[in-house]
Every structure is written in C-alpha cells, then in structure tokens.
Amino acid sequence: MGGFDLFKRVMVAVVCIPLIFVVFYLLPPVWLPITVSLLSMIAVHEVLWSTGFVKNGYISSLSIVLAGLVPFWVYIGQGMRSALVGIFFYFLLIFLVAISSHYTVTLEKMGGSFFFAMLIPYFLSTFVRLNGLEKGGYLILIPLVAAFASDSFALFAGMAFGKHKLAPELSPKKTVEGSVGGLVGAVALCIIYGVVLHVAFKQEVSYIRFALYGFLGSIVSQIGDLSFSYIKRQYGLKDFGNIFPGHGGVLDRFDSVIFCAPLMEILIRWFPAVF
C-alpha cells in the first residue's frame, strides 16, 4: 500500500470516528436506525450493481428499499407485524417483476437479492439492538473496537512483517503475520476498552471476557473480510464502491463489522463482560 493510500485511510478515520460518536451519543436515538438504514441501502446497491448480479432495476430497487426498512423493524421492536407486511409485499412485487420479465429474472437472482437485502441490514442492526440494552451506551462500541482494531493492526503488522501469504487467490496483500497482528491487536484493544470502562466509568468488567471478545471478534472479522473478497474476486472487482477514499465502498469498509457485530451481540448477551 502506498503512502498516499494510507494517508487517505487515516483521514477517513479522522472524519468518521467523531461522526460515529455523534450518532451514538449526541443525536436522538432514532438517528441510529436511520444511519444503519442508509449504510445498508448503499451496501445492498453496491453488491447488486457492482457485481452485475442483478441488472433489473425493479428487483434492485425493491431489495434496496427492503434493506432500508429492516433497521426500523428492529428499532420499533413490535414483533413481526410490520416485517410480515414488508416481506409479503416484497415477494409479491418481486415475483410480479419476474413473471413479466420473460424468464430474464431467475430464481437465483431473486434469492440472492433477498439474501443480501436481509443479511446486511439485520447484522448491522446489532448496533440498534445493543443500544436498547441496559448499559447499551458502553456496549455499542464493542463490535467496532474488535473489528476496526483487527483491521488496523492486521494492516500495519502486514506492512511491517508480512512475508507469508494468507489467501493469495482471494486477497494477495493479506499475510499470516498480518492476521496474527490483527488478532493480538483486537485482544489488546478490547482489554484496554474494558480498563477504560472500569477506571473512567466505574463499571465492573471481566477482562478475560473482553479478551475473548477480541479473539473471536478478530477471527470472524477476518473471515468477513475474506468472504466479501471472495465475492469481489468472483466478479473481477477491486472494490465494491468508492464512497470512502482509500477504503472503497460501504461493504469494503464494513465487511468485517457485518460478521463481527452479530457475534459480539451473542457474546454480550450470553457471556457479558460488563456487569
């Protein structure tokens, strides 16, 4: 990676990190599902259009709208009524489009569109669910700490020590040394986050569980990164988009978070590290 690309990555972090804190802690709570909804719609658009997987504008538009609705269904928390209505009309309309398409809209494309339109926003809605928990203000940052620490330390460790390729057919720049660096960095940053909660905010924490969050979070973050790299290589793409200079699109920046966030929610609910 060139020095200018690294500079762009750092500048994106300088701008985006304060915005994350504004959305999480300063704006009214409804802005969190709004933000997740916007990111989800952009991500679904990226994966459907950049790959050329779906070239039908109606199918793409319906899937983007569905992705935008999911975070609000999670936010209002009224069971499955609104979700049932939304998903029913999605399938009704998508099959009407398919019926009128003269077999150009295949079952594979309908299924793939629904898969991404539900998976991406539901996993990113982890932040909406965590924010609704007791001590949610402390918990909501954990998926970002684990995923971004893993990404950042993997990048710098790979640049400094990388020699052995991790998955050259998927991501030629990723190395075993970088992967180990990401793992160590995520564990360390999660423990440090626990220290901050204990010392600065007087919370009772388990450092062992924070270490577990970092360890498992880094593993699934790297799997998420490689999973979306698998999609990009299958369709000959370098990036899904260019909304974040130096990073690419929403999916290029949040691929690890999409995998890490739901796992962190599972661990937080079943093995809480903040008491």
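The accessible surface of the protein chain comes to about 14100 Å², with 73% of that area on carbon and sulfur atoms; areas are from the Shrake-Rupley method with a 1.4 Å probe. The model is predicted: local features need pLDDT of at least 70, side-chain atom pairs count only at pLDDT 80 or more, and totals for chains, interfaces and linings use all residues. Residues are numbered from 1 along each chain as its sequence is written, and side-chain values use heavy atoms, with hydrogens and water left out.

**Overall fold**

- The protein chain has 11 helices and 2 strands, where helices (H or I, at least four residues) and strands (E, at least two) are DSSP runs numbered from the N terminus.
- In sequence order the pattern is α-α-α-α-α-α-α-α-β-β-α-α-α.
- The radius of gyration of the protein chain is 19 Å, close to the 19 Å from the globule rule for 275 residues, so the chain is as compact as a globular protein of that length. This radius is taken over C-alpha atoms, and the rule is 2.2 Å times the number of residues to the power 0.38.
- Along the principal axes, the C-alpha atoms fill a box of roughly 60 × 45 × 30 Å.

**Burial, contacts and charge**

- Of the 275 residues, 44% count as buried (buried is under 20% relative accessible area, exposed over 50%, partly exposed in between, with a 1.4 Å probe and protein chains only).
- Among contacts (heavy atoms within 4.5 Å) between residues at least 6 apart in sequence, 72% join residues at least 24 apart.
- The chain carries 18 positive and 13 negative side chains, and the centres of the two sets lie 1 Å apart. Lys and Arg count as positive and Asp and Glu as negative, leaving out His and the chain ends; each charge is placed at NZ of Lys, CZ of Arg, CG of Asp or CD of Glu.

**Aromatic pairs**

- The structure holds 14 aromatic pairs; rings of Phe, Tyr and Trp (its six-membered ring) pair if their centres lie within 6.5 Å, and planes under 30 degrees apart count as stacked, over 60 as edge-to-face and the rest as tilted.
- Phe148 and Phe254 form a tilted pair, 6.3 Å centre to centre with 55° between the planes.
- Phe148 belongs to helix 8 (residues 142-161) and Phe254 to helix 11 (residues 250-270), so this pair ties together parts that are 106 residues apart in sequence.
- Phe254 is buried, at a relative accessible area of 14%.
- One aromatic cluster is formed by Phe21, Phe24, Tyr25 and Phe127.

**Individual residues**

- Thr175 lies in strand 2 (residues 171-175) and is buried, with a relative accessible area of 8%.
- Setting aside neighbours within four places in sequence, Thr175 is in contact with Gly158, Gly162, Lys163, His164, Lys165 and Leu166.
- Met11 sits in helix 1 (residues 3-26) and is partly exposed at 37% relative accessibility.
- Met11 and Gln203 are 192 residues apart in sequence and 32 Å apart in space, C-alpha to C-alpha.

**Positive phi angles**

- Lys135 is not a glycine, yet has a positive phi of about 65°.
- Lys135 is in the loop between helix 6 (126-131) and helix 7 (136-139), and is partly exposed with a relative accessible area of 28%.
- Lys202, also not a glycine, has a positive phi of about 60°.
- Lys202 is in the loop between helix 9 (176-201) and helix 10 (207-234), and counts as exposed at 66% relative accessibility.
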